[in-house]
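Please open the model in your viewer and keep the selection panel at hand. The stops below move from whole chains to single residues.

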Amino acid sequence: MATQTEPPPATDVWPTASRGSSRVRHSHHAPTVILGASAVLAAGVLGLSGWVDPVGAVALGWLTFAILSTALTATLRGRRAAKNNVATILVTSAFALAILPLASLMWVVIEHGAPAFNAHFFTYSMRSVVGAGGGIYHAIIGTLYVTAAAAVISVPIGLLSAVYLVEYGRGPMAKALTFLVDVMTGIPSIVAGLFAYALFVLFWGEGTRSGIAGAVALSLLMIPIVVRASEEMLKLVPHELREGAYALGVRKWRTVVQVVLRTAAPGIITGIMLAVARVVGETAPLLVTAGYTDSTNSDIFSRQMMTLPVFAYQSFKSPGVPPEPGYERAWGTALVLLIIVMVLNLIARLCTYFFAPKPNR
Amino acid sequence: MWSTGTATQQTSQTGRRTVADPFFAGLTRAAATVILLALAGVAAFLCSEAWPAVTAPSDRIAGGDGLVAYLWPLVFGTLLAAALALAISAPLAIGVALFISHFAPRRLALLISYVVDLLAAVPSVVYGLWGIFYLAPKLSHIYSWLADHVGWLPLFAGPASVTGRTILTAGVVLAVMTLPVISALSREVFLQTPRLQEEAALALGATRWEMIRMAVLPQGRSGVVSATMLGLGRALGETMAVALVLSASGLVTFNLISTDNPSTIAANIALQFPEATGIQVNTLVASGLALFVITFVVNFAARGLVARSSKSEGS
């Protein structure tokens, strides 16, 4: 579509320029040479001025490289090649600039969180702990219960809805569902928390806090992810498989359960794990629904329940006196969360990698 | 188990069919209905819990000037923080997406896109801790420099916050959080550029950048816009990172680096809700409803753009 309507490029400037670029095409080592030269130059400048700052050194070297290489390209290969060079450098810089905070995030969390790790930290709760000591046992239990409950609620609903959309859904109901799942994807997590709070206030009265309310809030965030992921996977199942099953006289529900779902299972499991990874770190909805406590609570239907993200937040907000042990626990919890999320993501990726249905099998 | 060998088996299967098939279909429809009901429930419960705040006399709302006066600075802060975040993250994210789709070597690109996807999953409370302990002190130096040198701009009028916990810092943290979202979606769009168009451009002698400008960017424009709007949706609704980083005083101001900062709706709820009682709860739920409406509109617009662009691609 776009190709047909696009005006032809201005042909008159092209021959000269392309001649220019072909003349120096063989020198593809040039960037490396210039990069080395600018690194030496930047190091020299820094060495002379006595200004030692690794970030500044890299930035200066990169800037020198940008200017040198652009000037060189402009003189050797013309304006168009120079523009291309500028674009390449800009895009690469954008990438580097984006990776920088992310790398520093990892580094800071690991650096501050690792000292908190010991057996005590994982096996004790915060019950009657003042100052140093104490651990996140109660938060681990809480996160396990709440996340498991959220998964128990949202996986069947999400999976069956996806089956409905792919296998049964026609007409206005399916359209409305697709639209509303899109809407749900965008619900802010705090709003999901408020909803669960408002719902449980109806049953248990003002100011109620419980693990199950947190689970309901989380499942509101989890369901759209499960639906989307399962829907995509179910759509990938080849129609020949379904038709083969029907031709053998297999009923539709059996075809769906034993042929379609079984074929799509690895992808669906991946989607569910990604959904769990997404909600396991949610703080805001749990803060307003499950609340916080210092003791271990393994009854999700009553009383406050501590969870890992809320614990990290609370240890920072009210670290106690002196604040250092509280901050250390906050960092330790942040690192635990980071590890959980990474591991879940990694397993999900490996699942996709090893078990993904080959498109033309 | 699928064979229908004997007549008895056949009849038994026909018998089961009348029960099992409609039952399963009904089960899936029930699940779909639960989702519809849940969303209707969200709207209904939020409205019913927010209603007392709407009807309450204005002096009972925190601040004493009624609900609108209470909400306005929060809405302003929410929009300002999100706008700052997008102003920083959108160009960078498009750069990252282009780098992955058209500049990086294939293996490296695969690795980077995994890392970027991973970062989209980092819990917001971790971003918040990083922002307050690491980023804010670093930025406070830059803020005092800005206040000294470009203080004539109303944006940087100062006096610069010493802690660095300003709305601009919140914007930077939000930018870091939205960047993976925007770049992941833009990357998908850029990768969908028809191969033939790219090769045609290159065969005509275009440089890589000219090829991107002629083939990739026009193709991906609507996708990038909707990715940005989804990022905006995340920035608007982000709670904990802002609640941790921002030290808010509830003022409406465009001064980005001073100690007087507007709060955001989501952060305000997270900070006030645990201790709130009575009409305060209703006020907070009402602000949540306002946030829901704002994000709904943004997401709706984004989906609309995607739908329109995919329709025009199909024709």
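What follows is a tour of selections, with a description of what is found at each.

This is a predicted model, in which local features need pLDDT of at least 70 and side-chain atom pairs count only at pLDDT 80 or more, while totals for chains, interfaces and linings use all residues. Residues are numbered from 1 along each chain as its sequence is written, chains are lettered from A and ligands numbered from 1 in the order in which they are written, and side-chain values use heavy atoms, with hydrogens and water left out.

**Chain A**

Select chain A and colour by secondary structure: you will find 15 helices and zero strands, where helices (H or I, at least four residues) and strands (E, at least two) are DSSP runs, numbered from the N terminus. Of its 361 residues, 50% are buried, a word that here means under 20% relative accessible area, with exposed meaning over 50% and partly exposed in between (1.4 Å probe, protein chains only). Chain A exposes about 17,300 Å², with 69% supplied by carbon and sulfur atoms; such accessible areas come from the Shrake-Rupley method with a 1.4 Å probe, and for residues only the protein chains shown count as cover. Among the contacts in chain A (heavy atoms within 4.5 Å) with a separation of 6 or more, 70% join residues 24 or more positions apart.

Now select Thr270(A), which sits in helix α12 (residues 252-280) of chain A. Thr270(A) counts as buried because its relative accessibility is 7%. Leaving aside residues up to four places away in sequence, Thr270(A) touches Ala348(A), Cys351(A) and Thr352(A). Of these, Cys351(A) is itself buried, at 14% relative accessibility.

Next go to Gln314(A), in helix α14 (residues 308-317) of chain A. With a relative accessibility of 14%, Gln314(A) counts as buried. Again not counting residues up to four places away in sequence, Gln314(A) touches Leu287(A), Tyr292(A), Met306(A) and Pro319(A).

**Chain B**

Switch to chain B, which has ten helices and zero strands. Of the 315 residues of chain B, 54% count as buried, and the chain exposes about 13,800 Å², of which carbon and sulfur atoms supply 67%. For contacts in chain B with a separation of 6 or more, the share from residues 24 or more positions apart is 77%.

Select residues 66-103 of chain B to see helix α2, whose 38 residues reach 54 Å from the first C-alpha to the last, close to the 56 Å expected at 1.5 Å a residue; the expected span is 1.5 Å times one less than the number of residues. Why is α2(B) largely enclosed by the rest of the structure? It is because 29 of the 38 residues of α2(B) are buried. Zoom in on Ser89(B), where a kink of about 30° lies shortly before the proline Pro91(B), the bend being the angle between axes fitted to the seven residues ending at a residue and the seven starting there.

**Cysteines**

At Cys47(B), a relative accessibility of 41% counts as partly exposed. Taking a disulfide as a pair of cysteine sulfur atoms within 2.5 Å, the count over all chains is zero.

**Where the chains meet**

Finally, show both chains and select the contact, which takes 90 residues from chain A and 84 residues from chain B. In chain A, Phe95(A), Leu194(A) and Arg251(A) lose the most area to chain B, together 7% of what that side buries. Chain A and chain B bury about 8,100 Å² between them, 78% of it on carbon and sulfur atoms, where buried area is the accessible area (1.4 Å probe) that two parts lose on being put together, summed over both.
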